[in-house]
Amino acid sequence: MAIHSLLVANRGEIAVRIVRAARELGMRTIVAHSRADADSLAVRLADRAEEIGPPPTSKSYLNAEAILVAAENTGADAIHPGYGFLAENADFVRAVEAAGLVFVGPEAATIRLMGDKIAARGVAAKAGVPTVAGSPGRIDSPAAARTLVARLGFPVLIKAAAGGGGRGIRVAHDETEFDRLFPQAGMEALAAFGDGGVYVEKFIPRARHVEVQILGDGEHVVHCYERECSLQRRRQKVWEEAPAVSLPGKVRRELCACAVSLARSVRYRGAGTLEFLYDEDSETFHFLEMNTRIQVEHPVTECVTGIDLVREMLMIAGGEPLRLRQDDIDLNGHAIECRINAEDPANGFLPNPGVVEAFMAPGGPGVRFDTMLYPGCTIPPFYDSLLGKLVVWDQSRASALRRMERALTELDLTGVKTTKPLHQALAADRDVRSANVHTGFLEPWLERHRAKLG
Amino acid sequence: MTTIQILSPLPGVFYRRSAPGQPPYKEEGAPVAVDDVIGLVELMKSFHEVKADSAGTVTKFLVDNEEAVVAGQPLAELDG
């Protein structure tokens, strides 16, 4: 069913991004928003806006019923969930479809399957994709868990089956710590996710985070190469690049082929990302999890492939077959994204909501700033601190780094503190410049460079 | 007896429990000691504990669970 009228059930920069893509496809755009976002950029840009509730997310962006009412009131025939909120909620997908609307994303069953991180490991293994060594399924008894970790060797990760996106994970470095953390992990998973299931994985401390972007139409699947997102703070990505310069060509081909076979095995529909850990010394990669939605860092892939991923996902949702063949997708140049958050890096990354006084976006060749900002806009305290994503493209990584430094200099924002100084310090760092990083790199780096981040 | 207000240190969303399904930190009528946690404020997805800076008895919560608050807003009243 072709989409004529699209309701965006999200906020911030991604709501702006989706409104733009939908309008280019000739769709009427409607933004469902909380009371705190009535003056947001997405609301200003959309054809129509509909308030769905008070500021707290449980009463607005997580309120499926209110969103469906908004869709009905405005005559929408499809809902794009963006990322976060209800994007990976299978019950929401079923409710959207039961209301006779199109959900822009995969089938509910796919979301449920890949959302269970243990089931997803099983799907990967069945598709011949290497997974990190660990428990074959949920592990309940402390005795069985202890036998397993004795075989795996420390350190190990204890992960919540219903977790994902960096939530519900603990590291145990020895047996004593494991015995203490294992029961806690189960109880906390139950409280946080309503599912106390946990599993155990070998922890690979100096690995890189690489992830493959895929697009599928339920039958055919293509990959759009990989991103590297090793610079993380508290398991949240801070800086992302495409492609991953550490990957030899042969490994890149294997990695992308594995991602495609996994996605094909679940007859994937829409845009998705398969996350892997890459160990440079052994040139091996292991599947971590799949995200069944558009991701924050999708623009770096768009820059190096020339594909508009949000447009493609809207066309697929409208029932069109995938129009890209693998041979059409080339990798060109290098892209870097810096997440500009309303956080004060000089003060422990304390969130910093408020009113933006002056704002000037960087511009010029190869620069893209996906943002919710405009001069005078309010940054509410209720939501994620992401203000915008500064993305640069250039022919080589070295020139992209110089371009990022230039763009960061141009970015002018007063009224709220942001992570701009962090990115300036990172862009100037020798290890970052030589791409000599891993997932455990940033946190100790922040300790050492605290003085530079003011 | 004096009435003391506990103020929100930050803007955000106020929670009376550590997690859904858990009992509230403090019921109305419960005794409170200095530094007891009486709730959480969620600011941009990070959670901050709200502590009592004097001892007493909770007479009333002025804000419901999961309600939006501004910095400095009174959250609860103590008799101390």
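1. Leaving aside residues up to four places away in sequence, Leu322(A) touches Leu215(A), Gly216(A), Asp217(A), His220(A), Val222(A) and Ile316(A) in this predicted model. Leu322(A) itself sits in the loop that runs between α11 (309-317) and β14 (334-341) of chain A.

2. Is Leu322(A) buried, exposed or partly exposed? Leu322(A) counts as partly exposed because 17 other C-beta atoms lie within 10 Å, whereas a residue needs 20 or more to be called buried and 12 or fewer to be called exposed.

3. The C-alpha atoms of Leu322(A) and Val221(A) are separated by 8.0 Å, although these two residues are 101 residues apart along the chain.

4. Chain A is assigned three stretches as domains, namely domain 1 (5-104), domain 2 (133-202) and domain 3 (208-453). Taken over C-alpha atoms, the centres of domain 2 of chain A and domain 3 of chain A are separated by 29 Å.

5. Which residues make up the contact between the chains, and how many come from each? Chain A contributes 14 residues and chain B contributes twelve residues; on the side of chain A that touches chain B, eleven of the residues are nonpolar, two are polar and one is charged.

Terms used:
Residues are numbered from 1 along each chain as its sequence is written. Chains are lettered from A and ligands numbered from 1 in the order in which they are written. This is a predicted model: local features need pLDDT of at least 70, side-chain atom pairs count only at pLDDT 80 or more; totals for chains, interfaces and linings use all residues. Two residues are in contact if their C-beta atoms, placed from the backbone, lie within 7 Å. Ala, Val, Leu, Ile, Met, Phe, Trp, Tyr, Cys and Pro count as nonpolar, Asp, Glu, Lys and Arg as charged, and the others, Gly among them, as polar. Domain bounds come from an automatic or database domain assignment. Helices (H or I, at least four residues) and strands (E, at least two) are DSSP runs, numbered from the N terminus.
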